Amino acid sequence: MPDDVTGAGTLVEAPARPGVAVRLVELRRSFGPVVALDGLSLEIVPGELVALLGPSGCGKTTALRALAGLQELDSGQVFVDGRDITRVSAHRRGMGMVFQAYSLFPNMTARENVAYGLRLRRVPAAQRRKRAGELLDLVGLASHAGHYPDQLSGGQQQRVALARALAIQPKVLLLDEPLSALDAKVRAQLRDEIRAVQREVGTTTLFVTHDQEEALAMADRVGVMSAGRLQQIASPVELYERPRTAFVAEFVGLTNRLAGTAGGGSVQLLGARVPLLPGSVESGPVTVLVRPESLLVTPAEPDAAERAAGRVLAATFLGALCRVRVRLDDGTVLLAQVSSVDVTQLAPGTPVRVGVRPAPVLAIAGSA
Amino acid sequence: MRARAAIRWSILVVVGIYLLLPILAMVEFSTRGAGSSRTLAAWRAIGTDADLVSAITVSVELALLTVAGTLLLLVPTMTWVQLRVPRMRRLVEFICLLPLTIPAIVIVVGIAPIYAWVNYLLGDSPLTLTFVYIVLVLPYAYRAIAAGLSGVDIVTLAEAARSLGASWRQVLLRIVIPNIRGGIISAAVISVALVLGEFTIASLLNFNTLQVVINLLGKRDAAVSVAVSVAALVFAFLLLLVLAQVAPRRRGAGMAEVEDA
């Protein structure tokens with residue numbers, strides 16, 4: 001009997017398996033002419049939750065499936081806890097996985113689903129039942145233990161799937177867009193629950209999503225992927241505030257493209273000099289990527305004459321914040337984010353001045 | 001609403017009469033005695049005619065062997081194709097449906113030389129008909145199992161089971177088969193019905209199965225022949241009834257009734 005499932009302590013109170021390190025080295029995989037993984041390398045430290053974020057077809061799910069052993073690789077290596085598991089069969093890898101599609105076994109109750117992995121490991125029935133009960137309690141579904149999947153809602157099914165994945169005390173927890181089939185309210189709730197459970201059990205987790213809000217809210221680090229490659233991996237704050245490439249800047253959050261002139265580590269933009277982020281083009285005419293919240297929009301007043309002039313095209317109320325669309329006199333259209341308190345002065349047609357906060361920006365080659 | 005219910009009931013009654021009338025006529029014919037009297041002599045003869053009892057035994061054994069052979073062949077193959085080589089699905093489907101397009105007489109002509117070898121190697125037991133019957137029921141069993149497989153996301157379920165540590169054998173036995181039980185039962189029912197009703201191939205290959213013996217009896221004693229036919233129908237009906245009880249039923253509330261907690 002494997003020692004990873006036989007401890008007397010509960011999974012919840014005392015995690016028997018602290019997180020382990022994961023290392024993906026130069027993973028390559030093509031499907032005919034389509035390159036899904038183009039030399040992807042990634043390291044995850046023990047207990048960390050890393051999200052892979054990217055558009056459809058960027059290779060994020062292929063990477064997760066390669067780690068699970070469900071996807072064969074053309075080349076590359078997968079290390080878990082320092083051991084090369086590239087050639088190890090999926091059922092011997094000890095990964096817990098929650099899928100995008102509902103994946104509970106329809107012929108088993110919630111409890112039987114959770115206990116299934118333990119049953120495969122020949123854990124005694126009484127112990128299986130106890131652990132399944134604990135895990136269901138952890139995901140708030142202890143009262144649904146006897147329900148079959150078709151008696152559970154989508155959110156409940158994904159909670160049971162999470163409990164089932166955790167029941168085997170996996171080396172790594174793999175989440176393949178587990179929230180994408182759920183409605184917005186349940187998704188937000190379950191997102192927080194998954195994060196809380198992951199923190200509690202301390203399992204190293206790889207989470208795949210195309211939803212940037214989900215990735216930024218849940219992950220310790222977010223890796224942005226494009227065309228089978230990792231564009232940047234960083235903490236959510238760093239990724240948002242210090243994107244290394246135009247793709248990352250534009251994929252994560254909203255971005256305006258503005259023309260500017262770079263030189264001396266900064267760029268002249270909307271009447272101000274703004275510092276440049278590392279990786280920027282550092283001289284000459286550039287396109288500057290600016291977040292909506294970095295723009296300052298005020299009604300046109302003489303003391304703001306150094307800023308660019310324009311007119312409000314539209315204002316969208318979003319609760320505490322508003323998005324204001326402004327057309328500058330040179331024809332450039334910008335999206336700015338302002339407080340809802342200020343938006344009363346920014347009705348469509350209002351002449352305004354637009355400036356920029358002195359936060360570092362990314363400048364790329366080419367015209368806006 | 002009331003008019004619609006009346007139409008529904010009318011259709012049901014007409015169809016019921018259409019289906020039951022021939023059976024009632026057969027029962028009436030098989031119980032006809034001398035003059036206008038009634039007798040169960042033909043029905044009693046079913047158990048006493050040695051040829052008939054032997055043929056019934058052979059046909060039931062053939063049905064069981066065919067069902068077992070077909071399921072053993074098809075379920076793992078179709079599951080494997082769906083999970084591992086989905087691009088082969090069209091080819092497998094084409095091969096499995098092929099017997100549907102070939103008349104039984106053509107099959108017999110084609111396999112007669114093969115059966116000479118089968119008889120030489122395995123003896124001339126009528127149970128060797130199992131091989132050709134498996135081919136015969138292949139299209140129907142394939143469709144039934146394919147319907148079962150398409151009803152569940154077998155790929156995701158198998159991957160979930162694999163990630164939890166299940167071997168391919170455990171995936172098949174614990175995950176796939178329980179979840180396509182309806183399709184498997186349908187395949188079994190169709191196979192049994194086909195084997196119990198098959199005449200052409202058995203007759204031309206000179207094996208005495210139930211239908212062949214019924215045909216021979218019909219020439220000798222029509223009443224017994226008809227009684228056996230009715231009994232076979234009743235047996236098939238009872239079999240369907242039993243299998244319907246075994247088939248999975250939807251449990252509890254549907255998703256529409258469940259709200260997210």
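**Where the chains meet**

Between them, chain B and chain A bury about 2800 Å², with 54% of it on carbon and sulfur atoms. Buried area here is the accessible area, taken with a 1.4 Å probe, that two parts lose on being put together, summed over both.

Before going on, a word on the source. This is a predicted model, where local features need pLDDT of at least 70 and side-chain atom pairs count only at pLDDT 80 or more, while totals for chains, interfaces and linings use all residues. Residues are numbered from 1 along each chain as its sequence is written, chains are lettered from A and ligands numbered from 1 in the order in which they are written, and side-chain values use heavy atoms, with hydrogens and water left out.

Back to the interface. Chain B gives 29 residues to the contact and chain A gives 38, contact being heavy atoms within 4.5 Å.

How many salt bridges cross the interface of chain B and chain A? The rule finds one; it asks for a side-chain nitrogen of Lys or Arg within 4 Å of a carboxyl oxygen of Asp or Glu. The salt bridge joins Glu159(B) to Arg65(A), with the closest N and O atoms 2.6 Å apart.

On the side of chain B that touches chain A, the elements giving two or more residues are α7 (154–164) and α8 (168–179) of chain B. Helices are DSSP runs of H or I with at least four residues, strands are runs of E with at least two, and both are numbered from the N terminus. The largest share of that side, eight residues, comes from α7(B).

**Strands of chain A**

Now to the strands, which pair if DSSP finds at least two bridges between them. Strand β11 (residues 256–263) and strand β12 (residues 266–269) of chain A are antiparallel, paired over three bridges. Gly263(A) stands opposite Ser266(A) in β12(A). The two strands form a hairpin with two residues between them, and Gly264(A) in the turn has a positive phi of about 65 degrees.

β12(A) also runs antiparallel to strand β13 (residues 272–275) of chain A, joined by four bridges. Here Leu269(A) is opposite Ala272(A) in β13(A). This hairpin also has two residues between its strands, and Leu270(A) in the turn has a positive phi of about 50 degrees.

Last, chain A has an open sheet of five strands in the order β15-β19-β16-β17-β18, with antiparallel pairing. Its edge strands, each pairing on one side only, are β15 (295–299) and β18 (333–339) of chain A.
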